[in-house]
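The sequence and structure come first.

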Amino acid sequence: MRKTLLESLTHGSLTEPAPAPDEAALAELASKVDRAAQARLGRSLAIRQVDAGSCNGCELEIHALSNAFYDIERFGLRFVASPRHADVLLVTGPVTHNMRQALERTYNATPDPKWVVAVGGCALDGGIFGGSYACVGGVSEVVPVDLQIKGCPPTPTDLLKGLLALLEHVGGKG
Amino acid sequence: MDILDGIPHVHAVASHRPWPRAVVADAGWQAAIEQLTAGRLTLLGFWGEPSAVHMALLDGAAAEIAVVTYECAAGRFPSVARQHLPALRLERTIHDLFGLTPTGADDMRPWLDHHVWGKSFPLGNRNVPRGAVTYQFLPAEGEALHQVAVGPVHAGIIEPGHFRFTANGEHVVRLEQWLGYTHKGIERLMQGASLDVAAKLANRTSGDSAVAYAFAFARAVEAALDIEAPPRAIFLRALMAELERLANHFGDIGAICNDASFALMHAQTGILRERCLRAANVAFGHRLMMDVIVPGGVVQDIAPDGDMALRRLLAEIKRVFPRLIELYDNTASLQDRTVTTGIVKTEYARQFGAGGYVGRASGRNFDARRTLAYAPYDRLAFEVPVLEAGDVNARVWIRIREVEQSVALIAQILDLMSPGEIRSAVPAGRGDCEGLAVTEAFRGDVLIWLRLDQELRVQRCHLRDASWFQWPLLETAIEGNIIADFPLCNKSFNCSYSGADL
Ligand code: SF4
């Protein structure tokens with residue numbers, strides 16, 4: 001155990017410096033984050049993820065945001081356990097009829113100001129599951145959506161870019 | 001002896017491949033149920049059509065499968081669940097979707113149908129509305145008992161479902177699950193779909209098993225059409241399947257430890273998982289390798305730098321993973337949480353035909369890759385680890401051993417693969433035909449049964465995740481444990497919601 005611990009202390013950071021142009025964009029956004037987020041919400045945004053019927057592919061990539069490569073917390077973005085602690089709802093899936101009420105209730109339990117981010121092709125318009133008797137369609141059919149992050153599933157980098165853009169947008173709203 | 005020798009049947013269905021399917025009457029249906037209850041056969045699948053129900057039966061010792069079909073002339077079939085409990089949720093689902101009634105059933109509560117679809121029996125041809133009744137959880141009574149209701153929206157980043165705990169102080173005396181929240185109507189969307197669209201839907205049945213589902217779907221279509229994918233495509237499929245297994249096992253081993261408050265392991269396995277996904281992206285252009293496997297083969301070959309990326313990945317795992325195993329093995333605070341926690345009895349694992357690490361940690365020696373030896377696994381050397389303890393710790397160890405096996409398998413495949421075609425043409429106009437396939441996903445066996453029409457459209461497709469037979473065992477595993485150990489038990493199973501809700 002000691003060996004593993006020591007190695008993780010000495011072996012340098014894995015945190016992803018995105019490829020050149022992205023890095024610039026991220027760095028630029030990251031510096032804006034501080035100003036924008038501070039203005040409105042202090043130094044952080046709390047995110048509550050809601051799976052409204054996804055295939056779970058989107059969740060896997062949202063999880064990846066917390067690994068050592070993306071380390072989402074360095075941007076002041078963190079996942080919280082309750083909508084009551086959240087500023088942002090990150091919603092996936094084609095919103096099944098069976099989840100519709102739960103999504104509405106989660107939205108209502110989230111204090112203002114709040115933002116909804118729809119993640120993945122399903123959340124946009126139902127995606128491949130659109131038109132099913134069991135699905136409502138996009139997230140915006142149920143709750144107002146502020147931002148779309150496309151992809152099936154979106155990569156962690158796509159997610160990160162989208163969330164950083166949201167921080168900007170949040171600042172703009174303020 | 002063939003499975004059907006012991007089951008009186010009316011006639012066999014010629015267009016069903018590769019295993020036989022036979023239509024049975026009451027006597028045959030009852031004989032099949034008796035073989036299940038006696039433990040001679042395992043229930044591998046149970047699904048409906050507008051006026052028939054099918055059971056897939058497995059004889060594990062002989063590595064044989066057969067499907068029996070009961071035609072529901074009056075919209076009824078004799079309940080299987082009444083005598084064989086593992087059939088219960090599938091039977092309730094058949095009623096929800098098709099409106100066929102299991103006669104003699106003790107439990108007719110809806111399962112997927114939460115009375116909000118706006119129609120009853122969406123896949124059936126019965127035009128009768130179903131009365132909405134409040135869902136009744138099973139009673140648990142006693143002076144000191146209280147209930148804790150959790151979900152469908154959970155605290156973490158996980159899929160939605162409802163758990164109803166009845167507890168005595170901290171001790172769980174009963175857990176009851178109610179799922180169906182992610183029901184998307186996949187089997188209805190499959191009907192009439194082209195092979196392209198259907199393959200995409202199969203890929204998205206359960207995102208963590210995208211490869212396994214695409215693999216099973218492709219094999220079911222190929223069985224139905226009696227064609228084979230080229231050898232190179234078959235190797236590429238297994239390569240992706242093992243890569244998917246690695247990524248999931250890394251993620252889960254870390255998540256289990258994290259739920260036991262051992263975050264270091266989570267961080268380390270998270271790195272390995274990410275490395276797997278990146279190697280997959282280099283090799284196949286998609287981190288979860290969606291839409292690469294299609295009926296007839298694969299749509300793209302491994303990228304020129306894919307081989308190198310994968311070999312680097314294997315080297316990294318071989319360097320880092322043994323230390324993580326040592327860490328797991330030597331951390332008393334971790335062992336304290338995982339040893340003897342959440343035990344699945346070997347008897348239950350056998351009865352329910354529990355797949356994957358849930359079954360293999362409880363003495364059930366079944367792995368579709370070996371028992372059914374589908375290509376290319378019939379040409380590859382690997383071991384299937386089996387343990388008896390059935391606790392969280394045993395499930396972790398099975399996964400650890402499976403990581404080692406997958407690393408060895410990928411290395412073999414990279415060495416064995418020779419250049420060649422990657423896709424066979426899919427012949428049209430074969431007439432109605434049916435295919436069945438079982439592949440081993442990281443969490444257990446995926447079964448796909450389908451019928452194609454003349455135009456190569458899907459008439460009916462049933463997809464059965466291993467979770468169907470694992471979820472009920474989670475209910476038994478938590479009994480007598482404390483509520484605080486539920487996340488640990490749950491994570492050690494990691495059942496699919498989407499895969500079982502469909
Ligand atoms: S967008 Fe794709 S990955 Fe995300 S839930 Fe939908 S099908 Fe799954």
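Contact here means heavy atoms within 4.5 Å. On that basis chain A contributes 48 residues to the contact and chain B contributes 53 residues. The model is predicted: local features need pLDDT of at least 70, side-chain atom pairs count only at pLDDT 80 or more, and totals for chains, interfaces and linings use all residues. Residues are numbered from 1 along each chain as its sequence is written, chains are lettered from A and ligands numbered from 1 in the order in which they are written, and side-chain values use heavy atoms, with hydrogens and water left out.

Buried area is the accessible area (1.4 Å probe) that two parts lose on being put together, summed over both. Between chain A and chain B about 4000 Å² is buried, with 63% of it on carbon and sulfur atoms. The count of salt bridges (a side-chain nitrogen of Lys or Arg within 4 Å of a carboxyl oxygen of Asp or Glu) between chain A and chain B is 1. A:E61 and B:R287 form a salt bridge through their side chains, at 2.5 Å, N to O.

The ligand lies between chains A and B. Residues around the ligand (a heavy atom within 4 Å) include A:C55, A:C58, A:C122, A:C152 and B:R204. Nonpolar means Ala, Val, Leu, Ile, Met, Phe, Trp, Tyr, Cys and Pro; charged means Asp, Glu, Lys and Arg; the others, Gly among them, are polar.

| Class in the ligand shell | Residues |
|---|---|
| Nonpolar | 5 residues |
| Polar | 5 residues |
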